[in-house]
Amino acid sequence: MATLPTTERVSGEDGPQPSAKLETTLANGTLVRVEVMGPSDSEAIATRALAAASLEVARGGVAPRPSEPPSSYAGIVGAAAPMRDLCRLLQRIRGSNATILITGENGTGKELVARALHDQSTRTGKRFVATNCSAFNDNLLESELFGHRRGAFTGAIADKPGLFEVADHGTFFLDEVGDMSPALQVKLLRVLQEGIFLPVGATEQRKVDVRIIAATNRDLASMVARGTFREDLFYRLNVVSLHVPPLRDRIDDIPLLVQHFLDRLSKRDGRTKTLTQRTLARLMEHAWPGNVRELENEIERLWVLSGDDALISDDILSPSISRRTAGGPAVQPKTAPAPSLPTPKSLPEAVAALERRMIVEGLRRAKGNKTRAAEELGISRRNLIRKVQAYGLEGSSGRGPRHPNRDEP
Ligand SMILES: Nc1ncnc2c1ncn2[C@@H]1O[C@H](COP(=O)(O)OP(=O)(O)OP(=O)(O)O)[C@@H](O)[C@H]1O
Ligand SMILES: [Mg+2]
């Protein structure tokens, strides 16, 4: 168990009053006080030092490597309870080559977790290959995954290896696996069970040794119940499952994440900037439907818009953040669902509000694809279209902010 000092002074024993002074009682009962002198980002430094101490105790005294930023594990920043649980689980399965299913909303950090799993496995020196199953139609995805032989289809002018071959001896990360067609699900199951597949247009099977990590923002168990996802594939993928919690369930991590993104931008641009307390408070009140990716984009936006100012004030926050937080509660309840509707007065109104909300969320999960959203909601596509019109939701794809390098349709 680590021995922690009861008081930790980050800099300066004498002289003027500290510019930031924070204290907390750790899980082992130790009172830690951090005082930071001088720098303009003293509050952030103090917050990070406290979070590092908490994490050290939570991990049973395993000191973080000095080169690692505090409160992060394998590049995953977070000290809130659900993130500590996730990192503990990651530590427990380090070195394993088991198939893993990562679940979580868009932008929560599923790919980051997949990379951490690869980096801490015995395959770390080998390739980590990632693809997004929703970015291709069925034929293209088959060719992308399994490769093709020359002449297999119009335009196939040469043999092309599939990503499973590229990832041989390494890790293959299959993002949005819930979007795979039933025909491809069968082929994926074969790779998982026997490591074999048939490239498009080939007559000979190929064998590979690939660790598969899959991710989804959909509820695969209910897709299995509805018959839209193969049960055998679900169990084969779900050997170990990891859930990455939405950002609204770990608002305590927002200051750490903000600092992490500011540090990255600071390294890139060779200058430092800090958020005012008010800006940070506003960020902590937001519901973050786009999760960490939305926060990352917002910090970069604030960084750019603040120009030469070293202090980032709340008047340049995105309108969606200012609007939603303006006049709202100081801090949203941790379980608060994203944008809420006025409280309905009657049962039919309540039913309509719930229906509307489910449709908006279904469309968001399906990235605006009505066929898929209807399937997931258990209604016909025609019925969904009627309801979308009735609720005035035309044009609502429910898309959150996207990754700038992502080539999704
Ligand atoms: N805990 C975290 N610490 C640091 N950065 C994070 C964290 N979580 C997410 N990010 C960053 O947020 C961005 C989105 O993360 P990532 O792509 O892993 O999310 P995702 O769940 O795979 O998203 P999607 O569902 O849209 O595919 C990335 O730039 C990632 O580095
Ligand atoms: Mg992803």
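View 1. The model is a predicted one, where local features need pLDDT of at least 70, side-chain atom pairs count only at pLDDT 80 or more, and totals for chains, interfaces and linings use all residues. Residues are numbered from 1 along each chain as its sequence is written, while chains are lettered from A and ligands numbered from 1 in the order in which they are written. H9 itself covers residues 254-269 (helices are DSSP runs of H or I with at least four residues, strands are E runs with at least two, both numbered from the N terminus). Its buried residues include Leu-256, His-260 and Phe-261 (buried: 20 or more other C-beta atoms within 10 Å of its own; exposed: 12 or fewer; partly exposed: in between; C-beta atoms are placed from the backbone).

**View 2. Ala-74, a non-glycine with positive phi.** Here phi is near 50 degrees. Ala-74 sits in the loop between strand S4 (72-73) and strand S5 (76-77). It's partly exposed, with 17 other C-beta atoms within 10 Å.

**View 3. Glu-176, another non-glycine with positive phi.** The value for Glu-176 is about 55 degrees. You'll find Glu-176 in the loop between strand S10 (171-175) and H6. With 20 C-beta neighbours inside 10 Å, Glu-176 counts as buried.

**View 4. H4 against H6.** H4 (residues 138-146) packs on H6 (residues 182-194) at about 15 degrees, axes 10 Å apart (axes are lines fitted to C-alpha atoms, for helices over the stretch in contact; angles run from 0 to 180 degrees between N-to-C directions).

How values were computed: The expected span of a helix is 1.5 Å times one less than its number of residues.
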